Amino acid sequence: MRGTSKRHADLADVFNADEARVDWHDETLWFVRTKRDRATHGLEEWESLREVASEVKHHTLANLSTYLEEFEQQAIANGVQVHWATDAAEHNEIVCHLLQKHGIDRMVKSKSMLTEECHLNDYLADRGIEVIDSDLGERIVQLAKEMPSHIVLPCIHKKKEEIGDLFHEHLGTEAGESDPQILTETARQHLRDTFLTRRAALTGVNFAVAETGEMVVCTNEGNADMGAHLSSIHIASMGIEKLIPKRAHLGVFLRLLTRSATGQPITTYSSHFKRPREGQEMHIVLVDNGRSRQLAREDFRNSLKCIRCGACMNTCPVYRRSGGHSYHYAISGPIGSILAPNLDMKDFADLPFASTLCGSCSNVCPVKIDIHNQLYKWRQELVKAGYTDKKKTAAMKLMAATLSSPAKFKLAGKLGRLTLRYIPFAVNNGLNPWYKGREMPSPPKQSFGEWYASRKKEGEG
Amino acid sequence: MSSRDQILRAVASAQPGNHPMPHLPTQVVTYEDPIAKFTEMAIAVGGGVIRVNGLEGVKEHIEEHYILSLRNKWHITHPLRVVSTLQEMEAHAELLLSGDFDPHTLQDVDIAIMKADLGVAENSALWVPETQVRVLPFICQHLILLVEARDILHNMHEAYALMGNGDQNFGVFIAGPSKTADIEQSLVLGAHGPRSLMVYVMD
């Protein structure tokens with residue numbers, strides 16, 4: 001598609017080299033999808049919950065500037081320090097400055113896709129600040145020097161034996177140990193020491209409530225709380241689209257989030273942070289980084305409703321068989337393919353094409369984002385802007401010309417049939433992208449037009 | 001222009017025309033026996049539930065059954081550090097009634113006993129409000145939560161309606177022990193927080 005090495009199709013080829021692993025990955029994610037189905041089909045009000053959630057988000061986006069100001073005012077009144085970052089660089093500077101001001105060079109961090117989006121860990125590492133990710137899956141990919149391949153299940157692409165090898169190398173477990181129970185216990189001991197010795201903790205934010213100025217962080221492991229409650233400075237990074245107007249709306253969103261994500265009725269911990277602990281500093285960094293630009297794009301603003309449950313990834317036939325890393329962006333899968341081109345149309349022009357447009361993503365989305373429609377719209381935008389494969393555009397033009405002229409159409413059909421019959425190797429080869437994973441069809445003896453004409457003759461005769 | 005003003009201005013000019021705030025759903029799940037549903041869900045998420053007769057029932061069960069079975073199940077032989085935020089547990093636990101200490105000193109707590117304001121039947125979540133010692137329900141090895149049977153509600157909407165906007169500095173819904181399934185989707189209890197959760201539902 002473009003001249004760079006990062007293309008979804010090429011990266012998917014790498015993942016697809018190991019067919020058994022692709023099958024395993026596919027089945028694991030489908031298993032999560034079926035858990036989601038079981039958790040949602042039991043609730044009669046499920047569809048009305050989705051509708052209300054989608055409308056609450058629509059209402060919030062329509063009044064976002066007002067709600068942001070309300071949130072800021074409440075948070076400040078609660079004793080929280082509020083920072084604003086127009087882009088990733090400013091976010092990273094703010095966090096770095098806060099740490100340097102306190103003379104802190106080691107921080108513990110719970111899951112935050114926003115900090116992945118901003119490449120915070122690398123930024124801080126370059127300035128001599130070590131960050132340890134405390135979510136088990138994130139810690140695993142951090143040890144492997146990889147990005148999370150899934151927003152909810154960061155190391156879903158890894159086999160337990162590979163995790164065992166990482167733990168053997170970095171945490172001193174026995175060679176060959178791959179029992180999840182033992183590996184988790186090892187991480188527990190290792191990270192407990194981290195929690196107890198870090199003065200700064202950074203968490204993400206799942207929801208922020210405008211009317212109360214509080215923010216809610218959801219985890220199963222308890223890692224966000226272990227970090228935040230033992231630290232003397234808690235920094236929470238949030239995208240400006242995480243706001244909801246009222247606390248009562250949490251009832252709607254907490255019911256939707258985990259049922260959609262993992263099929264759980266709720267996460268183990270849904271922590272509501274309102275005021276800092278006695279003697280503690282609490283900071284919130286509100287980050288735009290392209291969100292206001294996406295808000296202005298009428299076709300794509302619905303993507304800002306996303307609550308990051310990952311259901312669209314688990315159900316996506318392309319994601320399940322290409323792996324999260326093939327999306328080369330912090331948020332993979334269908335929703336990431338809408339968010340990424342907003343940040344950089346050129347770099348991520350391939351992603352909206354990494355979809356069959358089957359619509360399964362839109363069907364499971366808890367806030368009813370029309371994901372597959374937006375992917376389709378992005379394709380049109382990207383072609384118009386000239387970020388797609390020139391060869392494909394030329395081929396499409398040729399096809400349009402052929403289809404618009406009956407004479408050219410007949411000739412092309414005839415040539416095609418002759419080619420397939422007499423020199424099939426001319427198309428059954430690696431140069432033909434259509435041949436990849438498929439056989440070319442055996443040619444019919446005559447075209448429909450020819451057949452119809454001969455029938456007519458017979459009828460007359 | 002400050003980043004704040006720049007963002008607010010960009011958002012204000014980008015946001016779509018007004019869209020009404022929807023009403024909360026009205027047809028919401030309720031259960032014939034919310035305590036039975038609560039118990040079913042609590043067990044499903046890896047916790048345990050014992051129904052007892054008031055605080056006396058809790059104390060009796062802890063002394064006669066809970067500690068013994070915990071020691072057996074987890075092979076604990078050392079003396080247990082049991083702490084509680086409840087004055088009523090004075091005879092059974094070290095009391096933590098003020099937040100005037102370093103939370104790191106709780107790192108060796110084996111059992112914490114705390115009270116939940118309410119429970120939710122649909123997902124077994126228990127609302128544990130600020131208790132001065134925020135880290136306690138996370139840092140302990142095993143957690144015991146007490147809840148009055150009459151405080152078990154049907155669903156999350158009822159919970160937020162009852163709590164209103166509250167004025168707690170911090171609060172948390174807890175459903176089950178700490179867990180992870182990050183390694184090949186294998187469920188492991190005791191990720192970073194408590195390895196077990198026992199809920200006493202008090203009549």
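How many salt bridges are counted between chain A and chain B? The count is seven, a salt bridge being a side-chain nitrogen of Lys or Arg within 4 Å of a carboxyl oxygen of Asp or Glu. This is a predicted model, in which local features need pLDDT of at least 70 and side-chain atom pairs count only at pLDDT 80 or more, while totals for chains, interfaces and linings use all residues. Residues are numbered from 1 along each chain as its sequence is written, chains are lettered from A and ligands numbered from 1 in the order in which they are written, and side-chain values use heavy atoms, with hydrogens and water left out.

**View 1. The interface between chain A and chain B.** Contact (heavy atoms within 4.5 Å) links 97 residues of chain A with 72 residues of chain B. About 7,000 Å² is buried between the chains, 59% of it on carbon and sulfur atoms; buried area is the accessible area (1.4 Å probe) that two parts lose on being put together, summed over both. A:R188, A:R247 and A:Y269 supply 10% of the area that chain A buries against chain B, more than any other three residues.

View 2. A:K274 and B:D167 meet through their side chains in a salt bridge, with N to O at 3.4 Å.

**View 3. Paired strands from the two chains.** Strands are DSSP runs (E, at least two residues), numbered from the N terminus, and two of them pair if DSSP finds at least two bridges between them. B:F173, in strand 9 of chain B, stands opposite A:S270.

Technical notes: Helix = DSSP H or I, 4+ residues; strand = E, 2+ residues; numbered from the N terminus.
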